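Please examine the structure below together with the questions and answers that follow.

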Amino acid sequence: MKIKNIIVAGTLILTGLSCKKSFLEHTSTSNATLDVYYVNAEQVNGATGLLYNAVWGDWFDKAFSSVGDVLGGTVTGAAGNDQYNSFYNFNIQSTDGLINLTWNACYKAAGQSSVLIKSFEDKKASASNPAYLTLGIAEARFIRGFAYFYIGRTFGDAPIVSDPVALTEPGAYLVPRYLQKDVLRFAIEDLKFAEENLPSVAYQPGRVTKYAAKGMMAKIYLYLKDYDNAKLKAKEVIDYANGSGVIGLYDDYTKMFTSSSANNNKESLFSLQWLTSLGWNGGNRFQLYVGPQPLLAPAPTSGAGYSALVPSIDMLNPATGYAINDKRHGWSVMEQGFHKAEWVNASFPNGFRYDTTGNNTDNFHIRTGTRSSILKYVVGPNRANEPVNTSSHSQIGTYILRYADVLLIHAEAILGGTGSTSNAEAVAAFNAVHTRAGLDPVSVFSKDDLLHERKVEFAFEGDYWFDIQRQGFTKAKQMIEAQERGTYDFNKQLTSFKATLSSESQLYLPIPLSETVKDPLLLQPAIPYY
Amino acid sequence: MLGGITLHAQGTSKLISGSVQDEKGTPLQGASISVKNMRNATVTADVNGNFAIKVPVSQNTIQVTYIGMKPVDVSVEGKTNVSVILKGADSRLGEVVVVGYGTRRRAEVTSSISSISEKDIKNLPVAGVDQAIQGKVAGVTITNNTGQPGGGVSVRVRGITSATGNNEPLYVIDGVPMGGTKSSPNQNFLGGGNGQTVQSVMATLNPSDIASIDILKDASAQAIYGSQGANGVVLITTKKGKNGEGKISYDTYYGFQMIPKKLKVMNLQQFAKYQNSLLADINGVTGGRQDTIGEFRNPDLLGHGTDWQDEIYQTGQIQSHQLSFSGGQGKTTYYFSGGYFDQQGTLIETKFRRYTLRMNVDHQVKSWFKAGISGNLSRSDQKIGLSDGFDAVTSTILYNSPAAPVRNVYGEYIGTTVVGGTQFGNISNPVALAKFRDVRAVSTKVFGALYGEIDIIKGLTFRNQLNYDFNLGSNKAFQPEVKNGDITQNNIINIAQLREERSNSIYYGLQSYLNYSKSWGKHAVYATAGHEVQYSSYDYINASRVGQQLNLPSLATGIGGNNSGETIGAGQGEWSMESYFSRLNYTYNNRYSISGSIRRDGSSTFGPEKRWGSFPAVSASWTVTNEPFAEGLKNLSYLKLRLGAGAVGNQETGGNNQYKSNIAAPITGPLGPGSLPYNVANAKFSWESIKTYNAGIDATVLNKRVEISIDVYKKVTTNMLLPVQLPAFSGLGTSYNDIRTPIANGGQMTNKGIDIAITTYNVQNKNLNWKTSIVFSHYKNKLDFLNSPDAALAGDFDEYGDKPLVTLSQQGLPLGSFYGFVTDGLFRDMKDLNNGIDWGLPVQADKQWLGDVRFKDLNGDGKIDSKDVTVIGNPNPTFTYGMTNTFSFKGLDLSVFVYGSYGAQIFNYARRQTEGLRNQFNNQLETVLDRYTATNPNGSLPRYNQWHNNNFRISDRFIESGSFLRIQNISLGYNLPKKMIAKAKMANFKIYASAQNLYTFTKYSGYDPELGAYNSRVTLMNIDNGHYPNPRSFTFGANIEF
C-alpha cells in the first residue's frame, strides 16, 4: 500500500509541476526569420536578384509571346495548340487562361517587390549605414515600375497596390481599377526613384542601372505620347552611351540571340535572367516552346521542341516583313537550308540543318505551318559552353529593354506627331539600328518606316503588339487587318487568315474572371489614383 | 474488504454476495442492489459487477436495477450467492462505449456517439477502416477520393468544419492519437500534372485488428480532446485477449477487381468519320481547302483502332491474410496478429501492399496495479498511378486518338503516328507512361502504448500511459527514358529522372489521469481529471537527379554537378502541446444524467500570447422509460432524451512558426543565392472555435423490434484559421512560389444536420433472423463569411499555371460551390444571334456563330461578360444513406448493403476535353457525332470551334447530378456445422463470397459519381478530371477459428 501511494503521489507531483514554459516554444532551425535577416548587402542583393527570375515565369511561359507577338502578328501557331487560339483570333475572353497568367505574374512580381521595399524600409531604422538598403529599394522599385508599365499597357485601367500587407486587413483588398494614366504614372514614380538611386554602372552584370531606369521611363513617356520627356530621357541614355561606351549596340546580333555567353552585353539595359539548373522554376522556357524538335529532342539535350510558335508569313514576306537585304531575317528565323555547325546532336553529327523535306516532324525533319522556326533565343543543344537542361530550358537572358529600343524611341520622340522627319539626330538614331542589319542608311523616315523598323528589329521579343496598340484603334485595326496570319497546308498551299478588330476594348486584355468575382469593384469604371 | 462487512452483519441479517451481468456476460458496474421494500439499504456493483449486501433475515427478495435495463427481483431464500442477469430494454444499452480517457455504457452516454463493431467491418475488401465504415454511421459522410489502392478517403463527421485546412477526424487507436496526412510524391517532379497525392492514413492499420470503433460526433463528447477534436474523433479499440482458452484465428479472402464501366469514346471508324466531317466544319468557317485524309475516306474499311481504356485498365487482384492468437490465463491476456494485404489496382501498375504485426498484452502485476503494452508495426508499399489532371493517364486515354497504336510491329512503344501526312496520338504514350513511371510511397510505422494503472482506493484509479508513434517515409518517383521504337526515335518519356524522399517523424505523448466512480443510494458519479503532454518532430530530405545511366533507378547513376538538374531539399520542425482536462458525470436515480468536461490546451502553433485555449462542454440526458409513469407504455421499451453543447478547437495552420515572419530557404538564382520572405507574419492568430449544439433521442419501440436514434445538431465554426484570402493582384498568395498571406482568425461557417439510425429486427426465430439497419445523414453547410464579409475562397485547378476558377466559396453559400456561366442552349438561328445582345464577341463565323453555346445575360445589361456568373452547383450531398439487411438462416448468412448519396452535383471537368470540340486531332466521346453542324442543326452538342474558348468555359454545361444509389456489398456466408468442424478441432469455419460496388444507379455520365475531394481540399470536391474509378470487386474468403 505504501509503495503504491508513493508512486501515485510522486507521479501526480511530477505531472502537476508539468513542463517548463519553453516546452511550447520551438525556434525554427529550417528558416531564418525577418528579425535577423536583410542586415547586410549580400542578403539584400540576393533577394532583389530573385526579382529578375522565376517570379516572371508564369507570364514569360506563354503570355509574353501571346500578348507581344501573337496579337502583334509576328508569329503564328502550329495547328493543335489550342491554348493560343483565342489570341490568334482576337477572341479573348475573361475566362481564358493566358490572361490569368499575365495578370498573376505581373502582380506577383510587383507584390514581391513591394514586400521587399517595405521590409528594407523597416530595416533602415536599425542599420548604421543603410546604403545597401536604399539600393535594394531602388532595384525593387525598378522591377515594380516595369511590372506596372506592363500591366498598364496590357490591361489598361487596373488596380494599384503599393503595400500588399495593408490589403490583409479585413475588407481592405476591395481595390478599384485606376485610370491607365495613373497606373503608368505609378510606374514612372517608381522608375524615378530607381533613376535617382541606382548606380550608372551595374554593381553586378545583369543588374539594372540608372540608365536602364531612364530608358524605361523614355519608353513609358513615348507610350503616353509625352514626346518631350521621352526625347529627354532617351537622349540622356544616348549621351551616356556615346560618352562612356558602357552602353551601345552589340556588334553580333546573332550571338546576342543565340548564346547565353552574350548575356548582359552592352546593348542590354534590362533583361530577365535565367538559370538552367532551376529548370521549370527559373530556366528560360522559350526555346522549349519555339525550338524545332530535331534540334532538341535527340541527345545530348533529350528534351522537347514544340515549334508551338513560328514566324508568321507576314514576317517572311519581304513586302510586309523582312526586306530582301535585311540580315535580321537570317538572324531571327530558321528556314530550309539553315545550318549551324556548332549545333551538334545525335541526328546531326555535322551540325544542325533545318530540313523541311520530310513528310512530317521527327527527330530529323521539321515541318511547321510556315515552314520556318524562330531562331531568336534558340541556343541549340546542350554543350560545354551553352547549358541547356533536359527540358530544353536555356540560360539566355530575355531582353526587356535593349539600347536599340532607346535609339528608336529617341528617333520616334523627335518625329513626334509629324508624318516624317529628316532631323539629323533622329535619322542618326534610326540609322544606327537600320544599318546594323546591312541596310542602306536613310535620310528621312516616316512613322510607318519607324514602326516597320521596330517590327523587324524586335520581332519575337514580346513587344510589337504594343507598337500597334499605341497607335489607337483605327490605325491598329488597319495594321492588324493587313497582316497575313495564315499557314501552309500539307501541300504548301496557303490557308489565308486575316484577323479582324471590331471594338476598341480588344486593344486590352479583359481582367480575369477569377479576379472580378473576388473583387467586383474591378468591373466598375476606373477612378483616378492621384 | 468484504470481510469486515460480513462480521457486522451476522445475527440480524445475512450476507448475500453475487454478480450482475448483462445478457452478453458483461459485468454491470454501478448496478443498484437493494433489499425489496427497503430502499435505503442500497449497494452498487463494483467494476467486476460483484456486490455484497446485507439482507435482514426476514427478507427474501433483492431488487437489482441498472440504468436502461429492466429491473429484476431476485429471490435469495436459502442462498448466499446469486448471479443476476439483467436484460436490456434496448440491445445497445449494454455496449461499452469508449469516450476518451475512459469508457461508459451506452445507457450512461449523454452525448452523440456512434459505435461500430467488428462484424460490421469484417471481411470487406478495402485497405483501410475509413473505407469500411462508409454508409454505416449516421452523421459520417465518407467518400473515396480515388480508386487508387490505398488512396485518399474523405471522412467528414457532420459536414465541413474547416474551409482551408484538414477536415479529417482525429483517429485515436487505444488512446494513441494519430493525426496528419499521408502523401505520396507529386508526379509533377517527372513533368506534367501532380495528380492525387493525399493517401489514406488509415490504410497503414490492418482493419482486421479492430474490435470496435466509436465516433464522437458532437462537441459535448469531443471536448475532452479539445483542440484536436474539431473534425470529430474516431476512437478505435483493437482486439485484446480474453480470459480462457487460447484462440487461433485465420481470416482470408481473395478476389478480383475491375472498373465498373467504360466511357464511350469513338473507335477508329467513328473517329475517321468525325475527322472527315470536321474538315467540312473548318473549311466552312475559314474558306480553307483542307482535304480529307486518304486513309479515312472509307471509314468502313477501318478496324476499331486502339481502345485506350482497354489498354490502361486491367482486372486487378486483391488478397488478405490475417493470422491471430489470443487468449488469457489468470492475470494475463494477450493478442498477437500478423497480416498481409495485397491489392493490385484496376489501373495498370497501381498497387498497395501492407504487412502488419500487432500485439496487445495486459497483466495484473499486483492486486492494485495493472500494466500493459501494445505495439503495431506496419509497412506499406503503394505504387501510385497518375490521375486527376488533364494530362493524367486516366484523362489522356479518353482523348488520345484511336488511330495511334500502343506499339509498333516490333512490340515497341510508339507515341504518335502519321496518317496521310497528319500526326495523331499523344507523344507521351499513356500506356508507356503508366508502365514505366514508378511513383511510390513506402511507409514504415510503429505505434502503440505502454500503460500502468493503479487502484488507489475503491473506485479511484490512476493511469499513466505513454504513447508513441514513429514513421519512416520513403517515397520515390522514377521514370526511365523511353524512345519511340520507330525511325523517328521520338521521345515517349523525355529523360530518366529520379527523385527520392526520406522522412522521419516521431511522436510521443504522456497521459496521466485519475478516474473515479462511486454510487450511493440513487446517486452515481464518474469523474476524470488528467494532464497530457504531446511532442512531435519531423525531418525530411529529398534529392533528385536526371539522366540515369542505362535507366537504372538509382540516384547514384544520375548526372551530378552544375546544370544537371540535381537538387537537394531538406527541412525539419517540431510541435508540442500541453493539456489539462477533466470531466464529471452525475446520474440520479438512473433517470437523469448530466456531464460536464473542460480541457485546456496550450500549443506551440501559436505565438506566446495566444497559446492557451479552453474547451468546455456540458450535456444531459433523461431516461424517460425509467420513470414510474412509463411503466404502462406498452410499445415503448426505452426512451432517452439527450441535450448537449460544447466547444472544441482547431489549430491547423499548415505549418510551424506561422506567427513569425519567416525567410524562405535560399534559392540559387541567376544573380546568386538569395531569399525572399516566406510569409507575412501575424503574431495574433489564435484558436479556431467550433461550437456544437446537439439534441437527440434514443428509443426502442414495437416490442423491442425497432431501435431508433435521432440527433439534430448545429455546428458553428468561428474565428476560422485561414490564410487571408486575397485576389491575385495583391501579389501575395498561397502557392509554392508566393509570399504567403498571413494566417488570421476570421469568418464563420455553419453546419446544420440530422443523423438518423434505425435498426429493425424483422424476423427473429430459431432458424431465421432478419435485421435491417438504416443510417441517414444530412448536413447543410453554409459559409457565413470569411475573413472579411466580401472575401471568397477560390477553387482552381492548376493546369500549367492557368488556373480556371471552378468553385467559389463565399458568404452565404456552401463551401466548394461551383461557379460560372449559365447556359441557355445553342444558337440555332441567326435571329437569336442578332437579337441585340452583345455576346462578348462579334457575330461572325470564326467568332460567335451558329452552334455556339448561348449564355444567359444574368444581370440583364444586354451584354455577356464577367458579370454574368453565378453559383451553378453544390458538391455537398443533401443526404447520404445506407441500408444493410442481414439474414441468417441456420448456418447461412446473407447481407445486402446499399449506399447512396442524393443531391450533390458534379462538375465533369473531363468533358471540357472529351466533348470540348476544340482540337481537331483529339478523340472525343461518341456524343460529339451529334454536334451542331450546318447539316445537323438540331445537334445536341455545340459546333466544333477552334476559334475561341467560350463553349468550354466553366459553365453549367458541365454540371451533372451526382446522386447515386449503389449496391455496395452483397455477401453470402456459410458457417460450417460445428459437428463437422469439431473433428478438425475448429471452433468456427465460415466461408463466404462477396461482391463490392456491384451496381450503381446514377445519371452521371462519367465513370463514377463517388468522387470525393481532390487532395482532400474542400474547395475542390466532386470535380471529375480524369478520375481513377472505384473498382467493382468479387471476393471469396474464409474465417477459421481453432
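**Helix packing and strand pairing**

Helix α2 (residues 41-49) of chain A is mostly covered, with seven of its nine residues buried. The model discussed here is a predicted one.

Q: Against which elements do the buried residues of α2(A) pack?
A: The buried residues of this helix are Gln43(A), Val44(A), Asn45(A), Gly46(A), Ala47(A), Thr48(A) and Gly49(A). Their packing partners come from chain A and from chain B: α5 and α6 of chain A, together with β38 (672-674) of chain B.

Q: Are α5(A) and α6(A) roughly parallel or roughly antiparallel?
A: The axes of helix α5 (residues 97-124) and helix α6 (residues 131-155) of chain A come within 9 Å and cross at roughly 155 degrees. Angles over 145 degrees count as roughly antiparallel. The crossing angle therefore makes α5(A), relative to α6(A), roughly antiparallel.

Q: How many nonpolar residues does the contact of α5(A) with α6(A) have?
A: In this pair, α5(A) passes α6(A) in a left-handed crossing. Sorted by class, their contact has six polar and five charged residues, and the number of nonpolar residues is 16.

Q: How are α3(A) and α5(A) oriented to each other?
A: Helix α3 (residues 57-70) of chain A packs with α5(A) at an angle of about 120 degrees, the axes being 8 Å apart. Roughly perpendicular covers 65 to 115 degrees, and roughly antiparallel begins over 145. The two helices, α3(A) and α5(A), are therefore oblique.

Q: Which residues of α5(A) does α3(A) meet?
A: The crossing of α3(A) past α5(A) is left-handed. By class, the contact has seven nonpolar, two polar and two charged residues. From α3(A), the residues Asp58(A), Trp59(A), Lys62(A), Ala63(A), Ser66(A) and Val67(A) meet, in α5(A), Leu98(A), Leu101(A), Thr102(A), Ala105(A) and Cys106(A).

Q: Is Gly416(A) buried or exposed?
A: Gly416(A) is found in the loop between α15 (403-415) and β10 (420-421) of chain A. Leaving aside neighbours within four places in sequence, Gly416(A) is in contact with Tyr227(A) and Lys447(A). The cut-off for the buried class is under 20% relative accessible area. Gly416(A) has a value of 6%, and is therefore buried.

Q: Which strands stand at the edges of the open sheet of five strands in chain B?
A: The strand order of this sheet is β10-β17-β18-β13-β14 (chain B), with mixed pairing. An edge strand has a single partner, so one side of it is left without a neighbour in the sheet. The strands at the edges are β10 (113-117) and β14 (176-178) of chain B.

Q: Which residue of β17(B) is the bridge partner of Ile113(B)?
A: Strand β10(B) is joined to β17 (residues 210-216) of chain B by five bridges, and the two run antiparallel. In β17(B), the partner of Ile113(B) is Leu216(B).

Q: Which residue of β32(B) stands opposite Tyr540(B)?
A: Strand β31 (residues 523-546) and strand β32 (residues 567-588) of chain B run antiparallel and are joined by 22 bridges. Within β32(B), the residue opposite Tyr540(B) is Gly571(B).

Q: Which residue takes a positive phi in the hairpin of β32(B) and β33(B)?
A: β32(B) and strand β33 (residues 592-603) of chain B pair in the antiparallel sense over 12 bridges. One of the bridge pairs is Phe581(B) with Arg599(B) in β33(B). The hairpin has three residues between the strands, and the positive phi, near 55 degrees, belongs to Asn589(B).

Conventions
Residues numbered from 1 in each chain as written. Chains lettered and ligands numbered in written order. Predicted model: local features only at pLDDT ≥ 70, side-chain atom pairs only at ≥ 80, totals over all residues. Heavy atoms only, no water. Pairing = 2+ DSSP bridges. Helix = DSSP H or I, 4+ residues; strand = E, 2+ residues; numbered from the N terminus. Axes fitted to C-alpha atoms, helices over the stretch in contact; angles between N-to-C directions. Parallel < 35°, antiparallel > 145°, perpendicular 65-115°, else oblique. Left-handed = near helix turned anticlockwise from the far one by under 90°. Nonpolar A, V, L, I, M, F, W, Y, C, P; charged D, E, K, R; others polar. Buried < 20%, exposed > 50% of the residue type's maximum accessible area, 1.4 Å probe, protein only. Contact = heavy atoms within 4.5 Å.
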